Amino acid sequence: MSELAGINIEDLINVTPLRQGGEMLEPKVEQLTGKLRRLQQGKRALEEEIKEIKSESDILQKELTTLQVEAYKLEGTHKEKEEWCRKLQFQCEESEQEAVRYLKQNKKSEELLEQYRCEIQELKLKHRKQRMKFENQLLQLIAQHKNLHSVFTPEMLPDEIESAENTTKQLLSAEQMKLAQLHRLYEKLEEMKKQRQPATTAAEIQEGN
């Protein structure tokens with residue numbers, strides 16, 4: 001049952017005739033006028049209440065629209081954040097892969113560096129051996145040069161030349177002696193050949209006879 005401004009709606013709508021002695025009495029004009037006024041008051045109150053309800057409905061509708069707009073904005077912000085999260089996740093994955101590649105390259109570079117260090121050390125040792133060998137050879141050459149210088153000094157050069165000339169003369173003399181001996185042997189050989197030729201001829205004559 002609804003009541004507006006203390007007025008019973010059902011009382012305003014249902015006008016019950018008065019009973020008197022068990023008989024129905026027609027309502028009086030004053031009663032009808034009073035009820036009409038009450039109906040008019042109820043109508044105005046109802047209109048006021050409808051206005052308030054409509055005003056509250058408009059306010060609620062505006063609030064609903066505002067909330068829908070905010071919800072749409074929040075949904076867009078949420079989607080943007082999800083997109084950013086996906087991008088960040090993708091970037092993190094790429095960064096992790098790049099870090100793995102960097103670690104592999106760094107390890108490979110360290111291995112190559114260690115290999116180069118070993119090769120450089122070997123080259124240093126090889127150069128050191130070669131330098132020591134060269135130094136020894138140089139010392140030997142210096143010693144030989146000193147010996148040669150001590151042997152072939154300018155002061156001893158005339159004696160050396162004279163000794164060389166004497167040796168040359170001796171060699172020439174020995175060679176001449178050898179040639180003379182060869183010449184004599186050659187002459188003896190020729191004489192022996194001549195001596196053998198007549199004997200050979202006599203033997204051939206005897207064979208022919």
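## Glu 75 and its partner

Glu 75 is partly exposed, with a relative accessibility of 41% (partly exposed lies between buried, under 20% relative accessible area, and exposed, over 50%, with a 1.4 Å probe and protein chains only). Glu 75 forms a salt bridge with Lys 79, their closest N and O atoms being 3.8 Å apart (a side-chain nitrogen of Lys or Arg within 4 Å of a carboxyl oxygen of Asp or Glu). The two residues are 4 apart in helix α2, about one helical turn.

## The model and its confidence

This is a predicted model, in which local features need pLDDT of at least 70 and side-chain atom pairs count only at pLDDT 80 or more, while totals for chains, interfaces and linings use all residues. Residues are numbered from 1 along each chain as its sequence is written, and side-chain values use heavy atoms, leaving out hydrogens and water.

The mean pLDDT of the protein is 78, and 76% of the residues score at least 70 (pLDDT is the predictor's confidence in each residue, from 0 to 100). Over residues 1–7 pLDDT stays under 50, and the model has 14 contacts for them beyond four places in sequence (contact: heavy atoms within 4.5 Å).

## Elements and surface

The protein has 3 helices and 4 strands, in the order β-β-α-β-β-α-α along the sequence (DSSP runs numbered from the N terminus: helices are H or I with at least four residues, strands E with at least two).

Of the 209 residues, 4% count as buried. The protein exposes about 19800 Å², with 57% supplied by carbon and sulfur atoms (Shrake-Rupley method, 1.4 Å probe; for residues, only the protein chains shown count as cover). Phe 134 lies in helix α2 and is exposed at 52% relative accessibility.

## Other salt bridges and cysteines

The count of salt bridges comes to 5. One of them joins Glu 83 and Arg 86, with the closest N and O atoms 2.4 Å apart; these residues are 3 apart in helix α2, about one helical turn. Glu 83 is partly exposed at 33%, as is Arg 86 at 47%. Glu 98 and Arg 101 also meet in a salt bridge, at 2.4 Å from N to O, and they too lie 3 residues apart in helix α2. Their relative accessibilities are 46% for Glu 98 and 40% for Arg 101.

The structure holds 0 disulfides (pairs of cysteine sulfur atoms within 2.5 Å). Cys 85 is partly exposed, at 49%, and Cys 118 is partly exposed, at 40%.
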